[in-house]
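We will go stop by stop.

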Amino acid sequence: MKPVVHLSAAVALLGRFPALAGIDLDVARGEIVLLRGPNGAGKTTLLRACAGLVPVVRGEAVVLGRDLRRHPRAIRRRVGLLGHVTGLHDDLTVGENVRFWGRAARTEPADVEAALALTGLDGRLRDVPVAELSAGQRRRTSLACLLARRPELWLLDEPHAGLDAGARDQLDALVVQAVGQGATVLMASHELDRAQALAHRVVDLVAGRTITPGATGAGADVGGADADRVDVEPADVGGADVGGADADRVDVEPADVGGADVSAAADRAPDLAGAPVPGAEPVPVPPVEPVPPAGRPGTEGAPSPASVATPDVEASPAAPGAEVSPVAAPGVEPSHVA
Amino acid sequence: MTIVSPETPTASPDAPTGTGSPATRVLGGLALAAVALAALYGLVWSPADVEMQDSVRLMYVHVPAAVFTYVGCVITTVASIMWLRKRTAGWDVLAGAGAELALVLVILTLATGSLWGRPTWGTYWTWDARLTSTALLAVLLTGYLALRRLDLDPDARSPRVAILGLLLVPNAILVSRSVEWWRSLHQRATVTTLDPQIDGDLLVALMCGFLAMALVFVWLLVHRFRVGWLEHQAGRLDLDQALADRRAEGRAAVAGTAPDTGTGPGTGTGPGEDTGPGEDTGPGEDTGPAASPPASSGTGAAPAPAAPAATEVTA
Amino acid sequence: MWRDAVLVARRDLRIELRSRVAISQVGPFAVLVLMLFAFALDPDRGVLDRATAGLYWVAVLFSGLLALGRSAAIDEADGVREGLRMSGLEPGGVFLGKAAAVAAQLLALEVLLGAGVVVLYDAEPAGPLLLVATCLAATAAVAGAGTLYGALVAGLRVRETMLPLLLLPALAPVLIGATRAFEAALDGVPADGWPWCGLLAAFAVLYSVAGALAYGALLEGQ
């Protein structure tokens, strides 16, 4: 199966600075890949390059089958980027924003409604102007805008930042659900515990290049087995951190990243039954029907939130996490890091 | 050790110390001679005009200046169109050179016209069609050059400048047509044309003026273009060098030591910083390139010093 | 493309209505400009009366600059531009939608200024057909050219100073044409004014086409 993202020795410039200085990356459909690396490594630029926003000047860059060097705009509608900027109009309400961006991307009104429901924004918050929202709520609104587009490739830039624990769980659940319906997720995060538990594998970036395991030369000094695949049991997905580490990001020295954290994540017992998260707004997580992918997950590969059973808006606070049944993704073949 | 890839031309091995060349020296010599000739004819050999007396001599400068102003504007517009199609920097430089020359010449046109007007009409300025539209053209050119001067990343600046340049000639035409139409409704009794019927020696003087102006114009254009081109070359990114610096920075960061490229704290100690979601990492936005001035300066400074400033901007 | 234009126009208008800046600030500013002219030009000596058409359109242009600045600012907000690029909206449609939204605001301003001129300058409207046609054509011209030039300087720190510098000389033909047409109407010789109206219409078409074509390059080029 052709990879959703294929980058080979890709170089991308921000003005005159080579933010990406040689990226090798292959992401197959249905994978959740975590990008890891210090600030300035180029994670954000890599995500934006995959969205066609930053031109790739050297190497190969093929996303969703289109050559980004020649047609960067071709894939824009099929890709969803959740970045540091919100892309929201302060004067409009949450509902109006999601509806505008949804209609701009030619989505059905039903999908817009479903996106609002999935992020818990279809209640009181729907008619609140974005200017009056907290940072976390704005993040959720941006996420709703992304959901409404039903993209085949999700590009998440530090998606957990600014969200409380309940919202983080919800995001993880949505990611898993989308992947189960055929989407692919590329995520950059400093929240390593949570993200590593969520991801199928981890890719390290340093100074604009992907670090390959066992590479010769100085580049191989990055810790130990960090670049290895992180095999995660399906049951680990989503809920691992509810009772666990503090909600702050874990900042990790690149040299420290290694087998230690990986095994720690695997050791943590999945706490899916999730203690109710105190103080969180009622965040309904719809029960997910595992959609058994028949050979090729999804139809055109576009996840369809509307296909989920009607979200139970009155879900009690105790419910979050409990309903997230493990979603098997047998069609995924995590390819090794190039 | 950088390896120069075939598609990235290296900086010229012997950087030129000036913009002269054998051709331009010949041209310059000719231009000088033509100016001398025009001055002689214009000031000495040709007689004063019957009506305008000696002030007609200003015409020998004024009319060619006006004509070549338009030539400069046309160069700018055509070069802008070519840039939009070909996207090579040379056209952008040419458009700028044309506009600068046009501005100089339009000011000369207005000045000589105004000086001519004083003895003729008794006033330095009159709102007749030509003068008015010429003045507006001066403002259009000033605006165009102001946009060029903005401290922007070339990628951000060039499309905007090109579209504005493209609109220059249409704007100039629209303005002059509408002004002419407007002022023709208020025709003054004394028709104040600025290029009267002339013949004989006066015509010869005018032709000399044209010749001199043409040569000087071309000479200036070539030199201005070369200066602009050199500026462009000097500021151009040597991609391989930049990549090598970035990789060195990466190796040093990984090794945990401060890289010897002189990068600041933003690199090797990245993980210790909690930049938070408020970090401005919108590299594609206009604030991105502008926020890292060292990276986008037009000098030939190596990209290495630029790296620390930029690394603090990007994630 | 038209669908995208309608979508964007509705968004821009909704934002304006929600923030109420156009109503509460730009409108009063327009009337203020009329009053400033009266202070500067001695209302008793008939100067205002003879210059009504010109003063009216100058006031429209200045208020229009404010409206255009706000239109450009909508897309400068936090990541909206990136969102537009990612959304797959036709850039030409976005341009037309924005221009349409500005045009709607300008028309409202012109009605307000018309009332202001009748009241403050004692003007007597005549030749209504020509007046209305001129308003429509001139509004389209200002909105089209203004949106294009707004895009040229969008996102720049110096946008507020560059926009007038670039736009007003380009709008000189519009000012000339609209004023002549108004004068013709007010003087009772509309036949003189229709050709000017035609010029305005041509201008509007030219800039609308140019803007629709150029907007994509401007959106992408950072």
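Select helix H3 (residues 89–121) and helix H4 (residues 129–149) of chain B. Their axes come within 9 Å and cross at roughly 150°. Axes here are lines fitted to C-alpha atoms, for helices over the stretch in contact, and angles run from 0 to 180 degrees between N-to-C directions. The crossing of H3(B) and H4(B) is left-handed: the near helix is turned anticlockwise from the far one by less than a right angle, whereas clockwise would be right-handed.

A word on the ground rules. This is a predicted model, in which local features need pLDDT of at least 70 and side-chain atom pairs count only at pLDDT 80 or more, while totals for chains, interfaces and linings use all residues. Residues are numbered from 1 along each chain as its sequence is written, and chains are lettered from A and ligands numbered from 1 in the order in which they are written.

Stay on the helix pair and show side chains. Which residues of H3(B) meet H4(B)? Among them are B:Ala99, B:Leu103, B:Val106 and B:Leu110. On the H4(B) side, look for residues including B:Leu137, B:Leu141, B:Leu145 and B:Arg148. A contact means C-beta atoms, placed from the backbone, within 7 Å. By class, this contact has 13 nonpolar, five polar and two charged residues. Ala, Val, Leu, Ile, Met, Phe, Trp, Tyr, Cys and Pro count as nonpolar, Asp, Glu, Lys and Arg as charged, and the others, Gly among them, as polar.

Next, select B:Val161 in helix H5 (residues 154–166) of chain B. Is B:Val161 buried or exposed? B:Val161 is buried, because 25 other C-beta atoms lie within 10 Å. The cut-offs: buried is 20 or more other C-beta atoms within 10 Å, exposed is 12 or fewer, and partly exposed is in between. Leaving out residues up to four places away in sequence, B:Val161 touches B:Leu147 and B:Arg148.

Of the 315 residues in chain B, 41% are buried.

The average is 73, and 68% of the residues score at least 70.

Move to chain A. Select strand S6 (residues 79–82). A:Val79 and A:Leu81 are buried on one side, A:Gly80 and A:Leu82 on the other. Four bridges join S6(A) to strand S7 (residues 153–157) of chain A, and the two run parallel. Strands pair if DSSP finds at least two bridges between them. A:Leu81 has A:Leu155 as its bridge partner in S7(A).

Last stop: helix H3 (residues 109–118) of chain A. Its buried residues include A:Val112, A:Leu116 and A:Leu118. The buried residues of H3(A) pack against helix H2 (94–104), helix H4 (135–149) and helix H5 (165–180) of chain A. Just after H3(A), find A:Gly120, with a positive phi of about 70°.

Key. pLDDT is the predictor's confidence in each residue, from 0 to 100. Two residues are in contact if their C-beta atoms, placed from the backbone, lie within 7 Å.
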